[in-house]
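Student: I would like to learn how to read charged side-chain pairs in a protein model. Where do we start?

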Amino acid sequence: MQLLFKYNWVVREDWFRWCEELTEEELLENRTGGMGNILHTLFHIVDVEWSWIRVLQGKEDFQENFDDYKSLEKVRKLTEEFHLEVASFVNKWDASMEKRLLHLPLEDGTIETHTWGEIIRHTIAHEIHHIGQLSIWAREIGKKPVSANLIRRGLSSAFDSVDALQADSK
């Protein structure tokens, strides 16, 4: 599970570097799917990951407003701010957390119950889903997308701690 989070973080950083080649207009251009544009989709990935981790920790969940983050630099800074909390939680994950229950109140007053394992895997899959959308949009504008390969990234050996991951992404 930790390996897939690390994969998402490395691929996300690759997408941020990829986005450096785009204009602000291209980042914010309306597109079909995702959150409607490249930058908002990256923002959404970061915000949702952080939100689910906060919920699992029993902390207040509040949604950031994309209107406050309409630049690549601001979304990257938000990622850095949220990453320490997320990575700390992910790196402490152990088998005892897998079957813990999360009781999630819905707007209609009902309660959904999920295991922490389901939530954590949903969080991983959520980012992978949106990264696929970014890949489609990249091709639509005639650019090569970031590789989605998990292999050949050295994730199993090179990123054994948050510190190694952070040092490599700078």
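Tutor: Start with one residue. In this predicted model, Glu-13 is buried, with a relative accessible area of 15%. The cut-off for buried is under 20%.

Student: Which residue forms a salt bridge with Glu-13?

Tutor: The general idea is that side chains of opposite charge can pair when their charged atoms come close. Here the partner is Arg-17, and the closest N and O atoms are 3.4 Å apart. Both residues lie in helix H1, separated by four residues, about one turn of the helix. Arg-17 is partly exposed, at 38% relative accessible area.

Student: Which residues are linked with Glu-13 and Arg-17 in a network of salt bridges?

Tutor: Asp-14, Glu-20, Arg-76 and Arg-153 are linked with them in that network.

Student: How many salt bridges does the structure hold?

Tutor: The structure holds twelve. One of them joins Glu-127 and Arg-12, with the closest N and O atoms 2.7 Å apart. This pair links distant parts of the chain: Glu-127 is in helix H5 (residues 116-140) and Arg-12 in helix H1 (residues 2-19), 115 residues apart.

Student: Are Glu-127 and Arg-12 buried or exposed?

Tutor: Glu-127 is buried, with a relative accessible area of 2%. Arg-12 is buried too, at 3%.

Student: Where does the salt bridge partner of Arg-121 lie?

Tutor: Arg-121 meets Glu-98 at 2.7 Å, N to O. Glu-98 is in the loop between helix H4 (72-91) and strand E1 (101-105) while Arg-121 is in helix H5, so the pair ties together parts 23 residues apart in sequence. Arg-121 is partly exposed at 42%, and Glu-98 is partly exposed at 22%.

Terms used: Residues numbered from 1 in each chain as written. Predicted model: local features only at pLDDT ≥ 70, side-chain atom pairs only at ≥ 80, totals over all residues. Heavy atoms only, no water. Salt bridge = Lys/Arg side-chain N within 4 Å of Asp/Glu carboxyl O. Helix = DSSP H or I, 4+ residues; strand = E, 2+ residues; numbered from the N terminus. Buried < 20%, exposed > 50% of the residue type's maximum accessible area, 1.4 Å probe, protein only.
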